[in-house]
Amino acid sequence: LLSDTSAPFIISKTEHLQLIEDVLDEDMNMCFVYNMDEISYTYGKENVEISIEPSDIAYVIYTSGSTGKPKGTLLKHSSLLNFIRENLRIYNAKKEDVFSQFISFSFDPSIGEIFTPLIIGARLHMLSKIERLSIEAFAKKVEHEQITSVTLPNAFFNQLATFLPAEMKHSLSTLKYISVGGEALRGSVINKWQEKFGITTEIINVYGPTECTVLSSYYKVTEEVSETLVNVPIGKPIANYEMYIVNTDGLLCPVNEPGELCIAGVGLA
């Protein structure tokens, strides 16, 4: 990643400095390492005088490399702002809300977790490692911090729905929204959740490739789902996006004809 991005510097901590030295070889000596543990008393605290345009790159994040070599996708500030504005609407977010930071920084849903609450002055609670592994520890932290919105990988939500005891329902009572993504959301998992915890918490099935600024479409589960439902839909596109299902000739498919999903709009990398 360092070689591919030609990154001029690395921000790290004292505990990781030896690892960085082991990784950096003679071909990567262009990197300057900033130690976060020293920044607070070494550098000034005033705002940096820098001009940012909507068309400038906000961040670079790498795909999983399903086609071979991982690709660094470059996302613009305008794309990020469009995504965050949609998040504010989808979650009906207010400054009194409490969001959790669950997703790893190396996975693009973390972008929404970080900036959605901070842009409106809401609170962002950083979950510990154990709270991201143990469903009981997670539920207790939701109760303790009065968390209102969380983003969860499909696998963790599956664990919650399947194994969290119904007696811990009160621990999740403040949750207004659970956003679930990463892979197909099964109807059977929603059934398990609703049997234990009811329908007071809206489950949001989110979909979107990294190259489309995190989120392309979503579907809210607000009512009891049928036991015959196999997969929860991925819903409709967010604002300023379009989604098309096309055949091998690039023409729009009629209803019920399978095809390839193509995404257009302001969020493309």
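1. The lining of the largest pocket has 16 nonpolar, five polar and one charged residues. Here Asp, Glu, Lys and Arg are charged, Ala, Val, Leu, Ile, Met, Phe, Trp, Tyr, Cys and Pro nonpolar, and the rest polar. Please keep in mind that this is a predicted model, where local features need pLDDT of at least 70 and side-chain atom pairs 80 or more, while totals for chains, interfaces and linings use all residues. Numbering starts from 1 along each chain, and side-chain values use heavy atoms, without hydrogens or water.

2. To find your way into the largest pocket, look for Ile10, Ile11, Val60, Phe105 and Ser106, which lie nearest its centre among 22 lining residues. A pocket is an open set of points on a 1 Å grid where a 1.4 Å probe fits, with protein on both sides within 12 Å along at least five of seven lines; lining residues have an atom within 4 Å of a point. Helix H1 (2–5), strands S1 (9–12) and S3 (57–62), and helix H5 each supply at least two lining residues.

3. The second largest pocket has 35 lining residues, with Pro109, Gly181, Gly182, Val206 and Tyr207 nearest its centre. Elements giving two or more residues to this lining include helix H4 (77–90), S5, H5 and strand S9 (202–207). Strand S7 gives the most, with five. By class, this lining holds 19 nonpolar, 13 polar and three charged residues.

4. Strands S5 (98–101) and S6 (123–126) pair in the parallel sense over four bridges (pairing takes at least two DSSP bridges). Ser100 has His125 in S6 as its bridge partner. From S5 the chain crosses through H5 (109–118) to S6. Helices are DSSP runs (H or I) of at least four residues, strands (E) of at least two, numbered from the N terminus.

Key:
Right-handed = clockwise from strand over helix to strand, strands pointing away.
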